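Hello,

Here is the structure I promised to pass on to you. Have a look at it first, and then read on for what turned up in it.

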Amino acid sequence: MSAVAEAAIEQLIAAHPTLAPILVEHRVENFGEMLPHLVMADIVRWLVDHRREDPGLCSSVIAWMEARFSEGPEDVRDLIAVSGVEMIPDPGQPGAELRNLLGPKLRSVDSWGP
């Protein structure tokens with residue numbers, strides 16, 4: 001994976017320190033290595049699990065993803081689309097309501113979008 005995708009994950013965690021334990025655990029499980037796509041998927045699972053108790057953080061993370069997707073290089077766009085948006089549960093599943101937080105750029109890559 002690219003250094004750009006790794007940097008994006010580091011920036012996401014820096015902007016949302018509550019998510020830091022996800023990255024710490026990931027690195028422990030992967031012998032210190034960061035696999036950005038797996039971390040992003042873990043973050044989305046965390047959002048699903050915490051959507052009711054921390055809706056503000058969920059909104060902030062999705063807004064961060066929207067902004068970085070809009071400005072990011074291809075590696076970051078792929079990271080966000082494939083391991084971010086595509087990991088949001090399908091309509092009718094718990095957590096699918098996170099799709100309501102997607103901005104126009106992320107909706108354009110959402111397979112369930114308009």
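**Helix 4 and helix 5**

Helix 4 passes helix 5 in a left-handed crossing, meaning that the near helix is turned anticlockwise from the far one by less than a right angle (clockwise would be right-handed). Before going further, please note that this is a predicted model, in which local features need pLDDT of at least 70 and side-chain atom pairs count only at pLDDT 80 or more, while totals for chains, interfaces and linings use all residues. Residues are numbered from 1 along each chain as its sequence is written, and side-chain values use heavy atoms, with hydrogens and water left out. Helices here are DSSP runs of H or I with at least four residues, numbered from the N terminus.

The two helices pack at an angle of about 145 degrees, and their axes are 8 Å apart. (Axes are lines fitted to C-alpha atoms over the stretch in contact, and angles run from 0 to 180 degrees between N-to-C directions.) Helix 4 brings W64, M65, R68, F69 and S70 to the contact, and helix 5 brings V76, R77, I80 and A81; contact means heavy atoms within 4.5 Å.

**The core**

The largest nonpolar core has 32 residues. Such a core is a set of buried Ala, Val, Leu, Ile, Met, Phe, Trp, Tyr and Cys residues joined through side-chain atoms within 4.5 Å, where buried means under 20% relative accessible area and exposed over 50%, with partly exposed in between (1.4 Å probe, protein chains only). I9, L19, I43, L47, V61, M65 and I80 are the residues with the most contacts inside this core. At least two core residues come from each of helix 1, helix 2, helix 3, helix 4 and helix 5. Not counting residues up to four places away in sequence, M65 touches M40, I80, G84, V85 and L106.

**Helix 3 and S83**

Among the buried residues of helix 3 are M40, I43, W46 and L47. Their cover includes helix 1, helix 2, helix 4 and helix 5.

S83 sits in helix 5 and counts as buried because its relative accessibility is 8%. Apart from neighbours within four places in sequence, S83 is in contact with H37, M40, A41, V44 and D78.

**A loop residue**

F31 lies in the loop between helix 2 and helix 3. With 80% relative accessibility, F31 counts as exposed. Its phi is near 55 degrees, a positive value in a residue other than glycine.

Best wishes
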